[in-house]
Amino acid sequence: MQLQRAHDELERAGEVVLIGQATPRHAAHFRRRVELEFPILADSKRETYRAAGAKIATATELVGPKMLAKGVQESRRYGVVQGRTIGHPAQLGGTLVVDMDGKVVWSRMSEDASDNATPEEIIAALERASGAS
Amino acid sequence: MPLLGAARRKQQTDPPADASGFADIVLPDQDGVDHRIGDYWRDRPAALIWLRHYG
């Protein structure tokens, strides 16, 4: 997973926490499967997804040609194949960077299933937030 | 029912200007230990990354 490869740089830049749907047991299984060191919080009711402004994808945003191409590319690059979907299959995610005053200083909520913040973008936003605080 | 529970109409993302809407929410981690989300940015800026799903 792209995030895990940048684990040390991300940890140096700030706190990093992942939030997923479903239960702690699912989170633990996913964490082992993709060999993630970051903590994962389990939001089975998707309450924080709504509060973060994440959206539900349309069918085209979920399985269009762009998304399939990116899936194949990432499987080849990182050797991770998508497993069985746990949670709402059309729920999209995203990333928010929050400073020590609780202000959202950077955001990238996914516009479609292939739209994810890169580790470099997240590190840069955390570093800017550290400098501004 | 639309494919995979997908939205019928395109939605807009709506990221908040501040984290007050979820700072006090408490969620369990992968070991079942509860965490208040707002505690993550108490000492350092925090990146919160919402996963699409665990698949």
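Trainee: Why is Ala22(A) called buried?

Mentor: In this predicted model, Ala22(A) has 20 other C-beta atoms within 10 Å. The cut-off for buried is 20 or more, so Ala22(A) counts as buried.

Trainee: Where does Ala22(A) lie in chain A?

Mentor: Ala22(A) sits in the loop between β1 (15-20) and α3 (24-33) of chain A.

Trainee: What makes the phi of Ala22(A) worth a remark?

Mentor: Its phi is positive, about 75°, and Ala22(A) is not a glycine. Most residues other than glycine have a negative phi.

Trainee: Which value does phi take at Glu35(A), and where is that residue?

Mentor: Phi of Glu35(A) is near 55°, again a positive value in a residue other than glycine. Glu35(A) belongs to the loop between α3 and β2 (40-42) of chain A.

Trainee: How do you know whether Glu35(A) is buried or exposed?

Mentor: Count the C-beta neighbours inside 10 Å: Glu35(A) has 9. Exposed requires 12 or fewer, so Glu35(A) is exposed.

Trainee: What puts Ala6(A) in the partly exposed class?

Mentor: Ala6(A) has 17 C-beta neighbours inside 10 Å. That class lies between the limits of 12 or fewer for exposed and 20 or more for buried, and therefore Ala6(A) is partly exposed. Ala6(A) is found in the loop between α1 (2-5) and α2 (7-13) of chain A.

Trainee: Which residues does Ala6(A) contact, apart from neighbours within four places in sequence?

Mentor: Ala6(A) is in contact with Pro119(A) and Ile123(A). As for Thr118(A), 112 residues from Ala6(A) along the chain, the C-alpha atoms of the two are separated by 9.7 Å.

Trainee: What share of the contacts in chain A with a separation of 6 or more comes from residues 24 or more positions apart?

Mentor: Such pairs account for 60% of those contacts.

Trainee: How many residues of chain A touch chain B?

Mentor: 64 residues of chain A are in contact with 44 residues of chain B. Elements that each supply at least two residues to this side of chain A include β1, α3 and α7 (119-132). By kind, the residues of that side divide into 35 nonpolar, 20 polar and nine charged.

Trainee: What makes β1(A) and β3 (residues 46-50) of chain B a strand pair?

Mentor: Five bridges join them, and pairing needs at least two, so the two strands pair. They run parallel, and Glu15(A) stands opposite Ala46(B) in β3(B).

Note on methods:
Residues numbered from 1 in each chain as written. Chains lettered and ligands numbered in written order. Predicted model: local features only at pLDDT ≥ 70, side-chain atom pairs only at ≥ 80, totals over all residues. Helix = DSSP H or I, 4+ residues; strand = E, 2+ residues; numbered from the N terminus. Contact = placed C-beta atoms within 7 Å. Nonpolar A, V, L, I, M, F, W, Y, C, P; charged D, E, K, R; others polar.
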